[in-house]
Amino acid sequence: MKDIISKEQLFNHPIQKVWDAITHQEQISTWFIPATFKAEKGFQYTFNASGGDCSPIRGEVLEATPYTLIYSWIVTENPMKTIVKWVLEEVDGGTKLYLEHSGISNYHGETAIDMFLSFNAGWDSCLAGLTNYLKNIVHAG
Amino acid sequence: MQDNITKILKAISDPTRRELFHALVIAATALPITQVSAQFNITRQGITKHLKTLENAGLITITTSGRERFCKAEAQPLQEVKNWLHFYEKFWDTKLDQLGDFLDQKE
């Protein structure tokens, strides 16, 4: 077992379009989480998960040069920092996205356990709420 | 606390220790250290050192019975790491699906 989550996904869309979707505030806010975001190194961003007692995610943009985007990821109520990395690659017929979320091993003992407990308690419902929110938007549009 | 994430991850970052741990998980019972080391092509000392690391991480327990020492897998600490991974695995799968839908709709 490792402490890195990695995902690879192909999109049948040009690389610039995918890049815009993951770096532009309005677009992030539409498909991901309502955001205050600028793809500039050093920018302190916020993702505001919608719904009841969901804690926002904040962090700092560590790198934002086409086509690599890296930011720290901190769930506000637990000062635990993990790292999210997006890398895009132009491939035949579209774009390959490589996503990596890492860093849980930086955390120790009880803090880590607190974090897991809070995930279990709050985050699942936040995500459910968010998914519904996005569905509604799609249907309304 | 014994079962902290760093220790656990460090313990399972080594391929030999992963194999050792895996062998014990599969055995699902306490095994004599002599029997465990017979399965691995490294020195008895090497095995003992690896088992100690696993023990420190709370991943195995070592008990002495008579002249033999037994080791047994304790999978519970892994649950912590698993919870985190499981949560974000699901999270990112959902999100990347949403990204795909978003891109498809945006022409």
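1. W73(A) counts as partly exposed in this predicted model, because 19 C-beta neighbours lie inside 10 Å of this residue and a buried residue needs 20 or more. W73(A) sits in strand β5 of chain A. Beyond its neighbours within four places in sequence, W73(A) is in contact with I57(A), G59(A), T82(A), I83(A) and V84(A). T46(A) is 27 residues away from W73(A) along the chain, and the C-alpha atoms of the two are separated by 9.5 Å.

2. The sheet of chain A is open and has seven strands, in the order β1-β7-β6-β5-β4-β3-β2, with antiparallel pairing. Its edge strands are β1 (4-11) and β2 (35-36) of chain A, each of which pairs on one side only. Nine bridges join β6(A) and β7(A) in the antiparallel sense. K85(A) has E100(A) of β7(A) opposite.

3. Helix α1(A) packs on this sheet, where it touches β1, β4 (57-65), β5, β6 and β7 of chain A. The direction of α1(A) makes about 165° with that of β6(A). Which residues of α1(A) are buried? They include V18(A), W19(A), A21(A) and I22(A). These residues lie on the same side of α1(A), because the arc they cover around the axis is only 160°.

4. The largest nonpolar core has 23 residues, and those touching the most other members are V18(A), A21(A), I22(A), L69(A), W86(A), L97(A) and L103(B). The elements that each supply at least two residues of this core are α1 (15-23), α2 (25-31), β3 (44-47), β5 (68-75), β6 (81-91) and β7 (94-102) of chain A, together with α5 (76-105) of chain B. The most comes from α1(A), which gives four residues. A second, separate core has 15 residues, among them I8(B), I12(B), L54(B) and L59(B). As a general point, nonpolar side chains tend to be buried together in soluble globular proteins.

5. L69(A), one of the residues named for the largest core, has contacts with I22(A), T23(A), A39(A), E63(A), A64(A) and W86(A), leaving aside its neighbours within four places in sequence. Of these contacts, I22(A) and W86(A) are also named among the core residues that touch the most other members.

6. Chain B contains five helices and three strands. Read from the N terminus, its elements run α-α-β-α-α-β-β-α. Chain B has 107 residues, and buried residues make up 28% of them. Among its contacts between residues at least 6 apart in sequence, 59% join residues at least 24 apart.

7. Helix α4 of chain B covers residues 44-56, which is 13 residues. From its first C-alpha to its last, α4(B) reaches 18 Å, close to the 18 Å expected at 1.5 Å a residue. I47(B), H50(B), L51(B) and L54(B) are buried in α4(B). Down the axis of α4(B), the buried residues fall within an arc of 100°, so they line one face of the helix. In an α-helix, residues three or four places apart point the same way, because there are 3.6 residues a turn. G58(B) follows α4(B) and has a positive phi, near 80°.

8. Strands β2 (residues 60-65) and β3 (residues 68-73) of chain B pair in the antiparallel sense over six bridges. How many residues lie between β2(B) and β3(B) in the hairpin they form? There are two, and G66(B) in the turn has a positive phi of about 65°. S65(B) stands opposite E68(B) of β3(B).

How values were computed: Residues numbered from 1 in each chain as written. Chains lettered and ligands numbered in written order. Predicted model: local features only at pLDDT ≥ 70, side-chain atom pairs only at ≥ 80, totals over all residues. Core = buried A, V, L, I, M, F, W, Y, C linked by C-beta atoms within 7 Å. Buried ≥ 20, exposed ≤ 12 C-beta atoms within 10 Å, placed from the backbone. Contact = placed C-beta atoms within 7 Å. Pairing = 2+ DSSP bridges. Arc of directions from axis to C-beta. Axes fitted to C-alpha atoms, helices over the stretch in contact; angles between N-to-C directions. Expected span 1.5 Å × (residues − 1).
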